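Thank you all for coming.

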Amino acid sequence: RHVAERYDLVVIGAGPGGYVAAIRAAQLGMKVACVEKRGALGGTCLNIGCIPSKALLDSSELYHLAKERFGRHGIKVDGLGLDIPAMMKRKDKVVKELTDGVRFLFRKNKIEPVFGAARLTSPTTARVELNEGGTKDLEAGHILLATGSAPTRLPFLQFDGKSIVSSTEALCFETVPEHLVVIGGGIIGLELGSVWRRLGAAVTVIEFLPRIAGTADAELGTLLQKSLTKQGFQFHLDTKVTGAKVEGDRVAVTAEAKDGKAVTVSCDKVLVAVGRRPYTEGLDLEAAGVAADPKTGRVAVDPHFRTNVPTISAIGDLIEGPMLAHKAEDEGIAFAELLAGKAGHVNYETIPGVVYTWPELASVGITEEQAKANGVDYKVGKFPFLANGRAKAMDETEGIVKVLADAKTDRVLGVHILGARASDMIAEAVAVMEFAGSAEDIARTCHAHPTLSESVKEAALAVDKRAIHA
Ligand code: FAD
């Protein structure tokens, strides 16, 4: 007879949500198995998401700097060229080292990785179709669903893996496209568009909404769009894609602008980046009676990540909230701590969001539009990198910092940064907001000179109109 192996916790999916939850649960003394159907740990983020995209963003940025900007620093480069296979190989190496790193962490924490596709068979059991063949039954005191998300498909623009692709293929093009059309001006479209633009492709972004980076503060979103336009991006905003016709190596993309004007773009690659959908295929939620939102497909959970089935929880891209790796990780930790009877918590007000274009756009808290829409009485302070000494020294003067603070209490409500390394600078704002700090707190905090982060301090000073350098 097939005897199920018993665990305190079985995690399904080894992305940043699942693997982090597994480690924290193991640290807290639980016997944990983590099922993953991909051949490697780390999920979307490490294998086909955050990490390979940043590896290519960094490589392409270096090429772009060498080509366009080194001259301004008095550095001459002869014979500059591209070796895309070598660039891809470096990216793959970065991914492999990090996914192997998670494997090492599993060994260190005595977590059993089970490679195969899991399906629920009851509220406390799952059956895994092992990648190596055969099946394995797992029984658990608790099951955590962390199966993440997959690219949203457009019915009239089916992925063919070659000409019409998702982010996964756009991370592995063997040559630089001549013309890349990006459907969707969100984070993933802008980042991958940037990679191929810097490497020489013509890039056209078609976006249904009137602006790119739709959830960002509108002023900074507009500044980013201007910057990307200067870099050679073409934008069709307020424009709805209606179809695409593949003929040999070419694709004719058809779209319709809001004013009724027809738009046709001829290209060799189309990246469909219109969002991601929660992924539950093959999981058989019904077998365990787990309820998902019929409209969005997201698994419904209470504030402690419990589904309607008491022994099953869910975290990460699979549930409500921003589809971000750090959100999934924090939920993984909070879930494991709650399961162990501790006080796990995620503060959804202070989850930073970053668009890794250059300049980068990083935000935390509310935007000016949200403050206005909700009738919040706020003050705003802004500071341009043009007035920052380090930015001048680096030749990175594009962008601004914007701090929003409550008009009465001075509490920081939101910080938005467009600039070089905004992704690293936003951490200060997140920490201040986590401590319910004020603009005055940032303004009175000593910032090393000369650093880009002094602009955050100056923007905080500007909230009460006392910036020193502007
Ligand atoms: P996932 O990482 O999707 O992991 C789920 C795992 O579950 C997968 O490995 C899948 O194979 C496995 N699985 C699914 N079903 C089963 C099953 N039945 N049995 C076994 N295993 C199963 N976020 C950021 O914060 N910063 C970024 O810079 C960033 N860049 C991105 C760039 C791209 C191109 C993409 C696509 C995404 C990016 N994201 C980024 C989003 C980030 O990758 C996700 O938010 C994050 O991976 C979600 O984590 P998760 O653990 O919920 O799920």
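Let me begin with one term: two strands are said to pair if DSSP finds at least two bridges between them. Please also keep in mind that what you see is a predicted model. With that in place, look at strand 20, residues 400-406, and strand 21, residues 412-419, which pair in the antiparallel sense over five bridges; within this pairing, Val401 has Ile417 of strand 21 as its bridge partner.

These two strands belong to an open sheet of five strands, ordered 17-18-21-20-19 and paired in the antiparallel sense. At its edges are strand 17, at 353-355, and strand 19, at 378-384, each of which pairs on one side only. If direction is ignored, neighbouring strands in this sheet are turned by 10° against each other on average. Which helices lie on this sheet? Helix 7, residues 218-230, lies across strand 18 (360-365), strand 20 and strand 21, and runs at about 5° to strand 21, while helix 14, residues 454-462, touches strand 19 and strand 20, with a direction that makes about 140° with that of strand 19.

Now to another sheet, which is also open and has five strands, in the order 7-14-8-9-10, but with parallel pairing. Strand 7 (164-165) and strand 10 (234-236) stand at its edges with a single partner strand each, so one side of each has no neighbour in the sheet. Strand 7 pairs with strand 14, residues 269-272, in the parallel sense over two bridges, and here Val165 stands opposite Leu271 of strand 14. Helix 6, residues 187-198, packs on this sheet and touches strand 8 (179-183), strand 9 (202-206) and strand 14, its direction making about 165° with that of strand 9.

On the helix 1 side the contact includes Pro16, Gly17, Gly18 and Val20, and on the helix 9 side we find, among others, Ala325, Ala328 and Glu329. By class, the contact of helix 1 with helix 9 divides into ten nonpolar, three polar and four charged residues.

For helix 3 (residues 50-69) and helix 4 (residues 84-108), the axes come within 9 Å and cross at roughly 140°, and these two helices are therefore oblique to each other. The crossing of helix 3 and helix 4 is right-handed. Helix 3 brings Ile51, Pro52, Ala55, Leu56 and Ser59 to the contact, and helix 4 brings Met87, Arg90, Lys91, Val94, Val95 and Leu98; counted by class, that is eight nonpolar, one polar and two charged residues.

Finally, which residues come nearest to the ligand? Of the 37 residues around the ligand, these are Gly13, Gly15, Gly43, Gly148 and Gly316. Among the elements that give two or more residues to this shell are helix 1 (16-27), helix 3 and helix 9 (325-339), together with strand 2 (32-36). By class, the shell around the ligand has 18 nonpolar, 15 polar and four charged residues.

Notes
Residues numbered from 1 in each chain as written. Predicted model: local features only at pLDDT ≥ 70, side-chain atom pairs only at ≥ 80, totals over all residues. Axes fitted to C-alpha atoms, helices over the stretch in contact; angles between N-to-C directions. Helix = DSSP H or I, 4+ residues; strand = E, 2+ residues; numbered from the N terminus. Parallel < 35°, antiparallel > 145°, perpendicular 65-115°, else oblique. Left-handed = near helix turned anticlockwise from the far one by under 90°. Contact = placed C-beta atoms within 7 Å. Nonpolar A, V, L, I, M, F, W, Y, C, P; charged D, E, K, R; others polar. Near = placed C-beta within 6 Å.
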